[in-house]
Amino acid sequence: MAKVHPTEPQVSGPCSMNSAGKETFTIWMKSLVCHTNGCTVFDSKGQIVYRVENYDTKGSSEVHLMNLHGHVLFTVLKKKLQILGCWNGYRGNFTSRKEEKPSFQVKKCCRILRGDPVCEVRVGFDKYFMVSLGRKKQGFKIVNSGGDIIAEVKQKLLPTGMVLGDDVLTLEIEPSIDQALTVALVLVYGLMNRRL
């Protein structure tokens, strides 16, 4: 039976940042809990590191990114009355304190040409973009304002070249990038496309 996780082990733990090298994750766009929506994220050793259990309907307006033990790392909320779509992400389990500023904000962009950003991401004063890899390719990349790729999501390929289903993706994150934050951004992309 083929393994879900990458075959090249890398030195990494469930820490939030990695400075050793590019980290590869496998995202399974399914919940481990029966009859719920969500996703499960495996590290390069095949261990579960992040999970989303959405007991509500797909496209929920509130979703929680958790670690393996159920500790909430990010709460993602969809802002109401936004034409194109806007999501705010808060570290930890968000309580509705109005004065709390989001850790990140994702706004859907109006796309005119292929290769245009799908979303604009703000993390503090930093600006990033999610850019689609094209209509036929399943996936996208996250780039900084200078155009450098910091993370890329694409359909999972086995070493034999066989493509796994639409619900199995590979996430590659550059070193020194907050992994939990990057997974939260991937989560927002899944919410936009009604995959969660």
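**Figure 1. Cys-119, a buried cysteine.** Cys-119 has a relative accessible area of 0% and is therefore buried. This view, like those that follow, shows a predicted model. The closest cysteine sulfur to that of Cys-119 belongs to Cys-109 and lies 6.2 Å away, which is too far for a bond. A disulfide is a covalent bond between the sulfur atoms of two cysteines. A search of the whole structure finds zero disulfides. Another cysteine, Cys-39, also counts as buried, at 6% relative accessibility.

**Figure 2. The protein chain and its order of elements.** The protein chain contains twelve strands and one helix. Read along the sequence, the pattern is β-β-β-β-β-β-β-β-β-β-β-β-α. Of the 196 residues in the protein chain, 45% count as buried. The accessible surface of the protein chain amounts to about 11,000 Å², and carbon and sulfur atoms contribute 54% of that surface.

**Figure 3. Phe-104 in the largest nonpolar core.** The largest nonpolar core comprises 41 residues, and Phe-104, Met-130 and Leu-171 have the most contacts inside it. Helix α1 gives the most to this core, with eleven residues. Leaving aside neighbours within four places in sequence, Phe-104 is in contact with several residues, including Phe-74, Val-76, Trp-87, Leu-181, Ala-184, Leu-185 and Val-188.

**Figure 4. Aromatic pairs.** The structure holds three aromatic pairs. One of them is the tilted pair of Phe-25 and Tyr-50, with 6.3 Å from centre to centre and 50° between the planes. This pair links distant parts of the chain, since Phe-25 lies in strand β1 (residues 23-28) and Tyr-50 in strand β3 (residues 48-54), 25 residues apart. Phe-25 counts as buried at 1% relative accessibility, and Tyr-50 is buried with a relative accessible area of 4%. Phe-140 and Tyr-189 form a stacked pair, 3.8 Å from centre to centre with 25° between the planes. Phe-140 belongs to strand β10 (residues 139-144) and Tyr-189 to helix α1, so this pair ties together parts that are 49 residues apart in sequence. Phe-140 is buried, with a relative accessible area of 2%, and Tyr-189 is buried as well, with a value of 15%.

**Figure 5. Ser-176 and its backbone angle.** Ser-176 is found in the loop between strand β12 (168-173) and helix α1 (179-192). Most residues other than glycine have a negative phi. Ser-176 has a positive phi of about 65°, although it is not a glycine. The relative accessible area of Ser-176 is 48%, so this residue is partly exposed.

Key: Residues are numbered from 1 along each chain as its sequence is written. This is a predicted model: local features need pLDDT of at least 70, side-chain atom pairs count only at pLDDT 80 or more; totals for chains, interfaces and linings use all residues. Side-chain values use heavy atoms; hydrogens and water are left out. Helices (H or I, at least four residues) and strands (E, at least two) are DSSP runs, numbered from the N terminus. Buried means under 20% relative accessible area, exposed over 50%, partly exposed in between (1.4 Å probe, protein chains only). Accessible areas come from the Shrake-Rupley method with a 1.4 Å probe; for residues, only the protein chains shown count as cover. A nonpolar core is a set of buried Ala, Val, Leu, Ile, Met, Phe, Trp, Tyr and Cys residues joined through side-chain atoms within 4.5 Å. Contact means heavy atoms within 4.5 Å. A disulfide is a pair of cysteine sulfur atoms within 2.5 Å. Rings of Phe, Tyr and Trp (its six-membered ring) pair if their centres lie within 6.5 Å; planes under 30 degrees apart count as stacked, over 60 as edge-to-face and the rest as tilted.
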